[in-house]
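Here is a short briefing to read with the model open on your screen. It goes through a few spots one by one, with the cut-offs given along the way.

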Amino acid sequence: MSVESMIKRSFSEFATQRALTTNDFPQLLTRGIRALEKLEETYKVEAASRIGSEDVEEYFSTCSEILSITELLLTNVRDTEAASFEGILQKGRIVLISACRELGAVRAPALVLKSPSLSSKLTPNVNARTDRSNSKEVLVVCLVLLPSSYIACQSDINKKPGTVGYVGLTRSRHFSIRKIRVGQILLVSSQKCNVDTTSILKEEHSCLGDPRFNATSFLAPAQATENPFAGMKTRGKKGASMDNKRGSGTAKADEEVEKVLDSLMEAERAELCDSGVPLLDLRDFLKRGDSVLRSRQLFGRLEAELDQMRNYEIHRHPSLESMYSTVERKESLRSKVNTLRHLLSNESLQLFPDFLQRKAVLRKLGYIDEKETVSIKGRVACETNTCEELIVTELVFEGLLNELDPEEIVAVLSALVFQEKGKETSLSVELPERLIDCCEQMKTIALNLGRIQKDVGLDIDPAEYSESSLNFGLVHVVYEWALGVPFKSICDLTDVQEGSIVRSITRLDELCREVRNCARVVGNPTLYRKLEAASMVSIYGNS
């Protein structure tokens, strides 16, 4: 069984793997690949009909980059300067939007009717491990000038004028009132149109004026029959009929809509010129925060991408929307296929990045080669299970144990098995000098191993790694025990509990056997015999 298969069967991946199977993601991926192949084949067949628009794929890529940069910029302003964010997308501001799938619009001019509002909604998530918290999506209500090729459908006609979703026709052009996401804003213009947005956008705050509201429904059946208000008309303060007021309000709304459409059609013509619609300098709205420098760099990229977008031939092509829609459908499906591939691949495993980083550590230390074949150092590390195997392997290959006596070897190895925290860890001056030097070199090895692991991306502090792997609190005690000092006497050398001393000595015997096997794998018979003797003195002492 491979390591990847073991990770998939681990407890941390169980819920994710079950969700992937339950949702039939493998079958969805197969169907998506087939559909994508058909779309690409059709796209190649239709290549001859795309005269003057051969750069539509590059144009789509540039527009996607512009949408991403604009969203990042607006998000930075929103997070640092909330008041400035409202000023950017204030009522009357002209923007360019790209919503080809919803409206068939690629670079359609739109006018902000209502400043941004935060709409809480639950973000759909196919990955079981990701936090399922409510995210806030910024929505802007706009009047959008639809492309001249737009054809209204039945659902558009059923909407009430002035409400979100309404599609109207003025000056032989369709327009629509829509909620636009910040991610659909292609460009924020410096131009504004002074209009009465309240007459265009009808926001009903109460049931009064709602055609679904029926006053007689609140009356009892008998009272409804004898309704005293039957036949009466609602009048205003000066006796004017409310029906007449509604008629005048509708006329005013039509006038404002015509005024808006004139501005939007002018912006549409300006975008077809080389200079395009003037861009609002978003850098003026960022005055503080760490994101100011990054936002300025993003704005520079935005200007460059906009220049690139306007240089494409497809930008002024009369069939832009239909050709862009074909590419968007193909690339959107490709993105979903790639997402499914990632979810079903090893790269989506939670522990997989950590696995790759640890493999990089082993490769850097020489435990495996470039083909991931285990070397002699890797085989030595496999012999150790009691403590940190990397430190033990480096001890053996550095030859630090070769010149030590069995009693000193036992004392050095005790630092790897003693785990009690908060005890005295300094080395006694009564210990032999070469034993103290070996312990200091072991500290250096641990620090170097910690730095290597940190360099490859593991979240490890070298000092903490060294402190957690080595504890010299029993070095003096174990050394005296190996020399034959009675157990009662060695207990007087430390404040560690007797039970902890016994447990450490028992584990120390197991570690000596493992290091002895390491010496056998390396082919060091002298060290092998010393560790056999060290195993004996660790249990019985030198008595």
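Predicted model: local features only at pLDDT ≥ 70, side-chain atom pairs only at ≥ 80, totals over all residues.

Residues are numbered from 1 along each chain as its sequence is written, and side-chain values use heavy atoms, with hydrogens and water left out.

**A buried charge**

- Glu-514 sits in helix H21, residues 498-522; helices are DSSP runs of H or I with at least four residues, strands are runs of E with at least two, and both are numbered from the N terminus.
- Glu-514 is buried and has no salt bridge. Buried means under 20% relative accessible area, exposed over 50%, and partly exposed in between, using a 1.4 Å probe and protein chains only. A salt bridge needs a side-chain nitrogen of Lys or Arg within 4 Å of a carboxyl oxygen of Asp or Glu.
- The nearest side chain of opposite charge is Arg-507, 8.0 Å away; Lys and Arg count as positive and Asp and Glu as negative, with His and the chain ends not counted.

**Strand S1**

- Seven of the seven residues of S1 (residues 93-99) are buried, so the strand is largely enclosed by the rest of the structure.
- One side of S1 carries Arg-93, Val-95, Ile-97 and Ala-99, the other Ile-94, Leu-96 and Ser-98, and both faces are covered.
- S1 pairs with strand S6 (residues 185-192) in the antiparallel sense, over four bridges; pairing requires at least two DSSP bridges between the strands.
- Opposite Arg-93 you will find Lys-192 of S6.

- Arg-171 is not a glycine, yet its phi is positive, at about 55°. Arg-171 belongs to the loop between strand S4 (167-170) and strand S5 (173-181), and is partly exposed at 45% relative accessible area.
- Glu-372 also has a positive phi, near 65°. The loop holding Glu-372 runs between helix H13 (352-365) and helix H14 (376-382), and the residue is partly exposed at 42%.

**Cysteines**

- The disulfide count is zero, where a disulfide is a pair of cysteine sulfur atoms within 2.5 Å.
- For Cys-439, the closest cysteine sulfur is that of Cys-438, and at 5.9 Å it is too far for a bond.
- Cys-439 is buried at 0% relative accessibility, and Cys-142 is buried at 2%.
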